[in-house]
Amino acid sequence: MKLLYSFCLLFFITINSQAQNHPATANYDLKKKRLLIHTCSSYLYNSNQGSIDADSSVVLTCKAYKLPVSLAYDEGFNDGSYLIGNDLIEKGNIDAAKKLYLKSKGVDKIKLALQLGIFYLFKPFTKPDDLKNANLYITDAVKISNELKIQKWQHESLMLLGKFYFQINNYPESKKCFLQVVNECRKQKDKAALAHALLNQASYQYDLDPEKEKILKEAEALFKTLGFEEKRLETKANLCTIYFWHGKINDAKKILYQNIADMRKIGFRQQQFGETTIAHIEAVQFNMKSALYYALKSVQTMESSKDYTFADIFYMRLGLIYLQMGHTDDAMKMAKKSIEYGQNVYSSGSWYKSFITATASLSFKGKNKEAIAYMNSITSHYPPPNKFDNMLMNYAYANCYWRIKNYGTAEKYFIKAGEAADALDSPQTYRDLCNTYSSIALFYANRQNLSKTKFYIDKVEALSKKYGKTYNSEALEMSLYKLDSLNGDFKSALAHHKLYKKFSDSLLDYSKNKQIEELRIQYETENKEQKIKQLDKETDLQQTALKKSKLLNTLSIWSLVLLALFLGLLYNRYRLKQRTNAELEFKEKEINQKNINLRHLLDEKEWLLKEIHHRVKNNLQTVISLLNSQSAYLENDMALSAIKNSQHRIHSMSLIHQKLYSSENISTINMPNYIKELVEYLRESFSLGQRIRFELKIDPLELDVAQAVPLGLILNEAITNSIKYAFPDNRTGMIYVTLQATTEDKYLLTITDNGVGFDANISNKKINSFGLSLIRGLSDDLDAAFSMENNNGTILKIEFSKEFPINEKRK
C-alpha cells in the first residue's frame, strides 16, 4: 500500500532527526498536535493526487514537525501521561520493547501489544514480515482484552484489528470489526466512546462508500455536543475531503471557511493549509480575485507564524495563480521560492509543479527556447519522481515546442503526456487530466486533424461522465469551436466560440484588474513595511537624541528658576495641607461608613431578589407538578392537551426565573442560552428524536425580564404549533428560530418551519385561536409588529424595540 518510496527517503534525509521540538508546535497540547498531524497529512495526501498514500503522508508530517508517528494512531489509549514502553518504541529500541512485553501482564501487556502492533502496521516501507508481526501483536491484544473482559481494551484491540484488515485489503472483515465496536458503544450510550469509534470507522472506509458521509456527520455532531473541538474540526475536514473529490465543491469550501474561523478561536495556528485549499477551489471555479486573496493569505499566515514547514506548497499555489492571471514575473518569483524550499528545507512533493510553473512563465513571455533549456537542466538532475509529474513535464515540453512551431517534436511530447495521463485515471487527478487532454485536442484542432481532436475531446467527456463532474476551459471550448467549424456545424461552433471568448476575456480582465493588482502589491508592500518601520525607528531614535541634547541645556537653566518657585509654593502648600488634612480625614471616615452601609443594603437587595426568583421558580414548578398530577385523572384528550400546553407555558416562565436566580446578573436574561434550553425542553417533551430538527441563530442579546417572559411564551406557542400541526403523519422537517438586531434599536424574532403551512382561506378564529390570540396579545404587550405568512411552511415574525417602555406597560 505504501507508494513513492524514493520520495519518502529523500524527505527523511532532509530532516534533522536530532531536533526534539519544532517551534510551530510550541504551547500545543496533545489534542492540537494530533489536529496538526491530521490537517497537514490530509493536505499532503490530497495535494499529491495519488502519488503518496495516507500513511506515508502521516509519516512525512510527523518527521517534519518532529512528532512521534504513533500520535496519529494511539489516541484511544495515549492521553499524554506515562505509557509503558512508549519511550523505547519512540527511540527505536524495539528489541527492548519486545522483552518488556514478554514480562508484562494484564492491561500493561495490552497497551504494549497495541503500540507494537501500530509500530509494525504503519511502519514506512512495510514488508510482509512487518504485517506478520503486526498481526501477532494485535491478535494478542484482542485475546488478552477478551480474557480480562475490559470493554475499553476490547474495543481498542478490535479497532486496530479493523485497521490491519483494511491495510491488507480485506475490506469486509475491516468493516465488521468497526461495526461491532460502534454497536456496543451505542448500547452503552457512551457518547465519547461512540464518537471515537465512528471516526475510526469512517477513516477506514473508502471514500466512495455511501455510508462514510453519514457516519462522519454523526461523529461530528457527537464531538460538538461533547465539546471536543479539535476532534470536531478533524471530522469536518474528513467531510470536506469527501465533498471535494465527489464534486460538491461549494460544500467543501463552506467547511473550509468554518474550520479556519474555528481554528482561530482555539488558538490553532496552521490555518495556511485551509487557506491554500480555498485558493485552489476558487481558481477551479474561476473566482480569480478570491483565489489570489487566499493564496496571498496562506503565504502571509505562514510567514507571520514563521512556520516554513512545507513552504513549497504555499509558494507553489501563489505562483500558479499568478500564472493563470498572466502575472508571469510574479509567478516565476514564487516558483523559484517554492523550488528553493522544496529542495533545501522540507518537501511536500509540490516543488516539481513549481518547476513547471517557472517553465510556463518563460514560455508565456515568448522565451520558449530558454524554457526548454531550463527544463533540460532540471530534468537531467531531477527526473520526474512519479507519473503525474511525468505528465506535467511532457505537457510543458510539448507547449514550448508548439509555440516555436516545431510541430513534430511537440506532437511527440503531447503523445507522451497523453499516455501518462491515461495511467492516472482517478478522482484526485480528474481536472489535471482534462486540462492535458483539452490542450492535446486543441493542438490537433489547429493542425486540422479532426479524428485526433475528437479522440481527446471524447476522453474529457468520458472522464466527466465517469466521475459525474462538469469540466470546462478555454482550450476545450476552442477545440470544440474548431471541430464544429471544420465539420460545418457553424451554430454549435458559434456557441463554443462565445464561451471561449468568455474565458479568455475573463482572464484578460484579471490581468488588468486594478483590485487584483492591489492585492498583489499588498503582499510585496507588507514584506517591505517591516524594513521601512525598522529604518523609521532608527531615524526617530537619532532625532530624539538630538532633541534631548538641546532640551537638556534649556531645561537646566529653567529648572533652577522653577526650583526656586517650587520651593516657595511647596512651603505654602505644606501649611495649607496641614489645615485641610484633618477635615479630609474626618469626611473620608464618614464616606467610607456610608459606602459600607450602602454595600450591605445592595447585597441584601440582590439576595432578596434572587430568593424571590428562586421561590417564584419553585412555585411555578409546583404548579407544573400539580398540573401533571391532575392530568393523571383526565381521560379527555383536549383537556390533557390543554394541561400539557399550560405546563409548557409555565416552564418557559419558570426557566427565566431559574436563570435570574443562578446568574450573577439579576436584571437581564441571556437570550441565546435561554432559547437553546427552551427549545431542548420542547424537543424532549414531544419526544421528537431526529424527526424534527432545529436550527438556532440567536444574536448575543441580554433582555430585560419584562421582555424575556412574553418572548418565551411566544416561542413556546409558535414552536408547539409547528411541532403539532406543521408535520402531519410523522413527517420530518426543520424549525428555524432566529433572534437578531435589525437596526440599532430594533430586534426581530422569526420562527419558521418547512411544514405544510396554514390554510389562508380559514379565518383566524379557527387557527389555534387561543395560541394565536396569546401570541397577538403578547406582541401588543411588547409594542411589537406581528406577522404570519405562508412560504414553503409557516413564517411568524415579531419585531420589537430594544428600549422596552416598562413604566407605561406596568401602569
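## Basis of the model

The structure is a predicted model, in which local features need pLDDT of at least 70 and side-chain atom pairs count only at pLDDT 80 or more, while totals for chains, interfaces and linings use all residues. Residues are numbered from 1 along each chain as its sequence is written, and side-chain values use heavy atoms, with hydrogens and water left out.

A salt bridge is taken as a side-chain nitrogen of Lys or Arg within 4 Å of a carboxyl oxygen of Asp or Glu. By this rule the model contains 17 salt bridges.

One of them pairs lysine 32 with glutamate 230, with the closest N and O atoms 3.3 Å apart. This pair connects distant parts of the chain: lysine 32 lies in helix 2 (residues 30-47) and glutamate 230 in helix 12 (residues 229-245), 198 residues apart. Helices (H or I, at least four residues) are DSSP runs, numbered from the N terminus. Lysine 32 is buried, with a relative accessible area of 12%, and glutamate 230 is also buried, at 11% relative accessibility. Here buried means under 20% relative accessible area, exposed over 50%, and partly exposed in between (1.4 Å probe, protein chains only).

## Further pairs and a network

Lysine 248 forms a salt bridge with glutamate 213, and their closest N and O atoms are 3.6 Å apart. Lysine 248 sits in the loop between helix 12 and helix 13 (249-266), whereas glutamate 213 belongs to helix 11 (residues 211-226), 35 residues apart. Lysine 248 is partly exposed, at 36% relative accessibility.

Lysine 459 and aspartate 422 form another salt bridge, with a closest N to O distance of 3.1 Å. Aspartate 422 is partly exposed, at 40% relative accessibility. Salt bridges with shared partners also join Glu220, Glu229, Arg232, Asp262 and Lys265 into one network.

## Helix 18

Helix 18 (residues 351-364) is largely enclosed by the rest of the structure, because 13 of its 14 residues are buried. From its first C-alpha to its last, helix 18 reaches 20 Å, close to the 20 Å expected at 1.5 Å a residue; the expected span is 1.5 Å times one less than the number of residues. Just after helix 18, glycine 366 takes a positive phi of about 85 degrees.

## Annotated segment

An unreviewed UniProt entry annotates residues 551-571 as "transmembrane region". UniProt positions follow the numbering used here, feature names are shortened, and annotations may be inferred rather than shown by experiment. In the model, residues 551-571 are 100% helix and 0% strand, and their end C-alpha atoms lie 29 Å apart; strands (E, at least two residues) are likewise DSSP runs.
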